[in-house]
Structures are given as C-alpha cells and as structure tokens.
Amino acid sequence: MSSPNPDSQFELSQLHPTMPKRASRTKLILVILLLMIVLGVFIAYEVKTSHYQAKILNWYAKQLTYQLVPFETNKVIYPHYGPFDKRHGYTELPKHIENLKNNGFIVQQQAHFSPMLQDYTQYGFFPPYHEKAQSGLTIQDCRHQVVFDSVYPKRVYQDSDMIPSEVINTLLFIENREMWNPEPNYNPVIDWPDLSSRQVAKWPLKWACKCLKLVAALWRHKLKSFVILNMA
C-alpha cells in the first residue's frame with residue numbers, strides 16, 4: 001500500500017537518519033564529561049597525596065647517578081648559569097681545568113655521569129647532589145701542611161638546628177608558606193598549584209612576545225619591500 005501523502009513520507013525518511021547521529025553525539029559528550037570528572041578527581045588526589053609521583057619520581061631519581069672515576073672523562077656537564085653556581089665558581093670549572101692542564105697538571109679523578117643523568121642535565125635541569133654551604137680552595141705542601149686556605153662565605157650555620165626560628169619562618173613565608181602546616185603526604189619539592197598558576201600567568205606574556213616578534217618581522221619585511229621598490 002502506498003501512503004496517501006508522499007510528501008510526509010519523504011520528510012520522515014529525511015528525519016530518521018539524524019536520530020542516530022544525535023544519540024552518538026550525546027554519548028560522546030557524556031563520555032568526555034565522565035573522563036574529565038575522573039581526570040579531575042585523579043589530579044586532586046595526586047596533588048593532595050603525591051602517591052604516583054612519589055613512585056615515578058623516586059624510580060627516575062635512582063637513575064640519576066654519578067661516580068668518581070680515576071681518570072679524566074667527558075661524561076660530565078658543568079653548569080652555565082645560576083647564582084649559586086656562579087657564586088661558588090662551578091660555572092668557571094671548565095676554564096680553570098683547561099688552564100691547569102695547559103700548565104702541566106693532570107686530572108686524576110673526575111665525576112662521571114650516568115647516561116640518564118647526562119640527558120637530564122642537558123635538558124637544563126640541575127643535577128641532584130648535596131649542595132655545600134661553603135666552597136673554597138685549600139693548598140697543601142708535600143708535608144700536608146696548609147699553605148693556603150680560603151672559603152666562601154666565611155660564616156655559615158654548621159647545623160640546621162642552629163638556625164633561628166625567625167629566619168626559618170621568614171624563608172618559609174617567602175618561598176612556600178604551605179610547609180608550615182603540610183599534609184601527611186605533602187610534596188615539599190613541587191608545589192603543583194603554585195607551579196600551575198605561574199605557568200598560566202606566563203602564557204599571556206609569551207603570546208604577547210610572539211605577537212610583537214611577528215609584528216616586528218612583518219614591519220621589517222614591509223620596510224625592506226618599500227626600500228627595494230624605491231631603489232627600482
């Protein structure tokens with residue numbers, strides 16, 4: 001039997017294919033919302049407990065090793081910047097070592113980085129080591145008598161227990177006041193909320209710099225074209 005109204009039958013045949021598309025689109029939106037909720041809960045849990053990052057970062061840190069070898073090695077990377085490294089002379093070590101070798105000295109022992117520590121340092125991160133409160137130079141004669149001794153800074157706290165509480169509280173207030181009352185599993189090394197807010201704050205500045213560079217490049221190109229046309 002044929003429909004008494006062919007036009008209505010044609011309209012219904014056009015509407016039916018869109019219904020599965022709407023249903024699949026709704027399911028996709030629900031799946032995305034569910035994934036966002038799960039991801040948000042996971043991030044909140046991780047920021048509060050540092051559970052997974054403790055496992056992953058702990059495994060990764062165990063690979064960042066070095067050893068003292070009885071020969072000269074090129075598997076070592078010296079720092080190029082940083083106030084601490086500049087103040088203690090670590091940035092000048094390659095130049096001093098080269099000057100000493102040119103004057104007849106021999107490198108008998110040197111730190112040898114593991115492959116993962118070398119890659120880690122090449123990315124611009126600081127190698128993990130116990131930082132010295134003082135650094136300097138001590139020269140002894142053949143009888144092991146000190147003929148020259150100089151350290152910087154001259155005065156330091158030899159023990160952390162000797163640091164006054166006023167100094168500690170002032171530094172904590174400036175650096176990370178959340179460490180006053182931390183959570184039981186609080187990560188004192190990485191403050192994720194503060195780090196995230198700083199990165200978000202940098203985005204407008206980065207985009208502004210990129211826009212300024214683009215405008216400057218276009219302006220130089222336009223000026224160059226104008227000069228070429230006038231010369232022609």
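Me: Is Tyr120 buried or exposed?

Reply: Buried means under 20% relative accessible area, exposed over 50%, and partly exposed in between (1.4 Å probe, protein chains only). Tyr120 has 18% and is buried, while Phe125, at 46%, is partly exposed. This is a predicted model, in which local features need pLDDT of at least 70 and side-chain atom pairs count only at pLDDT 80 or more, while totals for chains, interfaces and linings use all residues. Residues are numbered from 1 along each chain as its sequence is written, and side-chain values use heavy atoms, leaving out hydrogens and water.

Me: How many aromatic pairs are there?

Reply: Rings of Phe, Tyr and Trp (its six-membered ring) pair if their centres lie within 6.5 Å; planes under 30 degrees apart are stacked, over 60 edge-to-face, the rest tilted. The count here is five aromatic pairs. Tyr120 and Phe125 are stacked, because their ring centres are 5.0 Å apart and their planes at 20 degrees. With Tyr60, Tyr120 and Phe125 form one aromatic cluster.

Me: Which residues lining the largest pocket are the closest to its centre?

Reply: A pocket is an open set of points on a 1 Å grid over the protein atoms alone, where a 1.4 Å probe fits, with protein on both sides within 12 Å along at least five of seven lines; lining residues have an atom within 4 Å of a point. Of the 41 lining residues of the largest pocket, Tyr78, Gly89, Tyr90, Leu93 and Lys132 are the closest to its centre.
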